[in-house]
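I opened this entry to look up the charged pairs and the nonpolar packing. The structure comes first, and my notes follow.

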Amino acid sequence: MHIKQIKRDIDTYLDEVAEIATLLIDREKIVEFAQEIVAVRNNGGRLFFIGVGGSAGNCSHAVNDFRKILSIESYAITDNVSELTARINDEGWDTCFSKWLECSKISGKDAIVVFSVGGGTETTSRNIVKAIEYAKEQNTKVLSIVSRDGGHSLKHSDVCILIPVINKTRITPHAEEWQGIIWHLIVNVLHEISV
């Protein structure tokens, strides 16, 4: 690959990132998301982050920021590898998140935060679908940052931030990078205004 091609590809990628920033016109959703986080903290609730693949890695990082910077009790379900894999082995993939939430006795004071590329469907990320269903049964808020068509998360979240698709070959990297941008934005804005 020639250096000119590498430069063109870098420019294209960064232009796409900038275009997504411009297309996130419904910034009111980000405000609503932040307000729900404040409500959880003010009510003494907890945040439970769920995601798979790269989004699961984002969950771990986000927990650090919400705990350390905003002092909100937070957990990434996928960080407990022993319990997660035991549940997958013994009970199945579909319920590994919902059973974890059940054991944690989530309630109306808490929120689950879904980081997902597709948001969960009948055929992919069924564990996210089941977790959302369980959370709704417990009157637990559901917040999500997803892409594609938003899947189950878009339809059933209290607040869903949908990352627009501008290049079908880069849906996953753009979805996962924007999860990071948005949670960092929220954490830093709330910290700066000392909410």
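I began with Arg-126, which counts as buried at 16% relative accessibility; buried means under 20% relative accessible area, exposed over 50% and partly exposed in between, with a 1.4 Å probe and protein chains only. Before going on I noted that this is a predicted model, in which local features need pLDDT of at least 70 and side-chain atom pairs count only at pLDDT 80 or more, while totals for chains, interfaces and linings use all residues. Residues are numbered from 1 along each chain as its sequence is written, and side-chain values use heavy atoms, with hydrogens and water left out.

**Salt bridges.** I took a salt bridge to be a side-chain nitrogen of Lys or Arg within 4 Å of a carboxyl oxygen of Asp or Glu, and by this rule I have nine of them. Arg-126 pairs with Glu-122, the closest N and O atoms being 3.1 Å apart, and Glu-122 is exposed at 59% relative accessibility.

I then looked up Glu-16 and Arg-170, whose side chains meet in a salt bridge at 2.7 Å, N to O. Because Glu-16 lies in helix H1 and Arg-170 in the loop between S5 and H8, the pair ties together parts that are 154 residues apart in sequence; helices (H or I, at least four residues) and strands (E, at least two) are DSSP runs, numbered from the N terminus. Glu-16 is buried at 8% relative accessibility, whereas Arg-170 is partly exposed at 22%.

Glu-36 and Lys-141 form another salt bridge, at 3.8 Å, N to O. With Glu-36 in helix H2 and Lys-141 in strand S4, this pair ties together parts that are 105 residues apart in sequence. Glu-36 counts as buried at 19%, and Lys-141 as partly exposed at 31%. I also noted a network of salt bridges that links Glu-83, Arg-87 and Glu-91.

**Nonpolar packing.** Which residues touch the most other members of the largest nonpolar core? I found Phe-33, Leu-47, Phe-49 and Phe-66, out of 32 residues; such a core is a set of buried Ala, Val, Leu, Ile, Met, Phe, Trp, Tyr and Cys residues joined through side-chain atoms within 4.5 Å. Among the elements that each supply at least two residues of this core are helix H1 (3-23), helix H2 (28-42) and strand S4 (141-146). Apart from this core lies another, of 17 residues, including Trp-100 and Ile-128.

Not counting residues up to four places away in sequence, Phe-33 touches Val-113, Leu-143, Ser-144, Ile-145, Val-159, Ile-161 and Ile-186, where contact means heavy atoms within 4.5 Å.
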